[in-house]
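Biologist: I would like to go through one model feature by feature. Please take each feature in turn and show me how to read it.

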Amino acid sequence: MDSAKRSIGTEYYPSLPSMMNRMQATGRALGLQAHDRDAYVEWRRNLREKLAELTGLGRMIPCDLLPQEMGEPRLLDGYRREKLRIQTEPDVWMPFYVLVPDGLEEGEKRPVVIAAHGHLGGGKESVAGVADHPAVRQAIEEYGYDYGVQLVRQGYVVLCPDARGFGERREYWMQGDEASQVLGASCNHLNHAAVAMGHALIGWLTWDLQRLIDFIPSLPYADADRIGCVGFSGGGMQALWLAAMDERVRAVVVSGYFSGYRDVLLLGTHCGCNYVPRLWEYADYGDIGALVAPRPMLVESGDDDRNSGPRRLANVTEQLDVTRKAYALFGSEDRLVHAFCRGGHRWYGERTAEFLEHAL
Ligand SMILES: [Zn+2]
């Protein structure tokens, strides 16, 4: 018999069923339990403190932003694209595009939307519609990834940053112009390193976006009191965590990301950058969503999005039910909007314009 074809057995002994049971039986020590607004505010403080500890967000190193313009602005159809960078921690630089709508009056300020990216889009390039590379062009088509451009055409000032490990922030082994490199990322490895240091990449990404918010008042055409955040997939993760941890975000759109931890992170095959050590002991995603209340939040889900786990929408609505309890404490259930869409894992944006118009 050919040894390469020999089976090692017909029975398997996987560990996941036991882990699923264990997760079901334990966890969410700081899950939402508040029955009035005062109790909610205290719960929110406690959970934010715990999340800052788990992700390392409370142990980041502040520094001067040292904003710098990177090259000349580009004039495009209906908007202008500028490129800048800021320092978010000592020697950690975040490049980002600023998309400025045409037609601004002298001294006029517009609401600002931070548009965060997920995987497989070349970082900020796809969100900002910078489709010079064919792989980015294809990602925009496949996922509807150019939501930064969609938003600037609706009149918002849009900031499109690279997250650590993506786009121009890829580490040395992922740098290069092959399609697999452009669409690839170093996020998985960076999270391994972060975990070894008692941090989690989610904390680093949240910190960087908070520094981007610090920078917004220096843009003369940006209204720093009207800041929203949107994102698809890993960008939805960033948008959700930013809004949960920072009250300066007035409204948030989370697309293709909001679902229960247990199904998704045990049964799914998500990138390692989604994992925060010990998060399950304290909270699930419905609880993290509850930290946003009563600020407006739009959750967008494809009914066949495999990233929601094998139970698909059931795994989303269970979490939304938890989040909705926090909005109910404020009589603001109408500010939590769930957009069901027909299809898989992609940005739909069908209700985003209407939602942001009311929310910002
Ligand atoms: Zn990743």
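Modeller: Start with a loop: Leu 66 lies between α2 and β1 (68-69). The model is a predicted one, and Leu 66 has a positive phi of about 45° although it is not a glycine.

Biologist: Which other residue has a positive phi although it is not a glycine?

Modeller: Ser 233, with a phi of about 60°. Ser 233 is in the loop between β7 (222-232) and α9 (234-245). Its relative accessibility is 10%, so Ser 233 counts as buried. Leaving aside neighbours within four places in sequence, Ser 233 is in contact with Ser 255, Gly 256, Tyr 257, Asn 307 and His 345.

Biologist: Where is there a cis peptide bond?

Modeller: Look at omega. The bond from Ala 293 to Pro 294 has omega near 0° and is cis. Pro 294 belongs to the loop between α12 and β9.

Biologist: Now the rings. How many aromatic pairs are there?

Modeller: A search of the whole structure gives 12. Take Tyr 40 and Trp 43: their ring centres are 5.6 Å apart and the planes meet at 40°, so this pair is tilted. Planes under 30 degrees apart would count as stacked and planes over 60 as edge-to-face.

Biologist: Which charged groups sit over a ring?

Modeller: Here one looks at the end of an arginine side chain and the face of a ring. Arg 85 lies over the face of Trp 93, 4.1 Å from the ring centre. The charged end of Arg 346 sits over the ring of Tyr 348, at 5.9 Å from its centre.

Biologist: How many residues are in the largest nonpolar core?

Modeller: It has 85, and the residues with the most contacts inside it are Val 98, Ile 114, Trp 241, Leu 279, Tyr 285 and Met 297. Helix α8 (residues 201-215) gives the most to this core, nine residues. A second, separate core has 33 residues, including Val 136, Ile 140, Tyr 145 and Leu 356.

Biologist: What does Tyr 285 touch?

Modeller: Not counting residues up to four places away in sequence, its contacts include Ile 202, Leu 240, Trp 241, Tyr 257, Phe 258 and Leu 279. Gln 319 and Thr 323 are also among them.

Biologist: How is the length of a helix checked?

Modeller: Compare the distance between the end C-alpha atoms with the span expected at 1.5 Å a residue. Helix α8 has 15 residues and reaches 21 Å, close to the 21 Å expected. It is also mostly covered, with 14 of its 15 residues buried.

Biologist: What covers the buried residues of α13?

Modeller: The buried residues of α13 include Leu 313, Val 316, Gln 319, Leu 320 and Thr 323. Among the elements that cover them are α2, α10 (261-267), α12 (285-290), β9 (297-302) and β10 (336-341). Gly 331 follows α13 and has a positive phi, near 65°.

Biologist: What polar contact does the side chain of His 338 make?

Modeller: One with the side chain of Ser 301, at 2.7 Å. His 338 is in strand β10 and is buried, with a relative accessible area of 14%. Leaving out residues up to four places away in sequence, His 338 touches Leu 313, Val 316, Thr 317 and Leu 320, and also Val 299, Ser 301 and Arg 351.

Definitions and conventions: Residues numbered from 1 in each chain as written. Predicted model: local features only at pLDDT ≥ 70, side-chain atom pairs only at ≥ 80, totals over all residues. Heavy atoms only, no water. Phe/Tyr/Trp six-rings, centres within 6.5 Å; stacked < 30°, edge-to-face > 60°. Lys NZ or Arg CZ within 6 Å of the ring centre and 35° of its normal. Core = buried A, V, L, I, M, F, W, Y, C linked by side-chain atoms within 4.5 Å. Buried < 20%, exposed > 50% of the residue type's maximum accessible area, 1.4 Å probe, protein only. Helix = DSSP H or I, 4+ residues; strand = E, 2+ residues; numbered from the N terminus. Contact = heavy atoms within 4.5 Å. Polar contact = N/O pair within 3.5 Å; in protein donor to acceptor, adjacent residues only side chain to side chain. Expected span 1.5 Å × (residues − 1).
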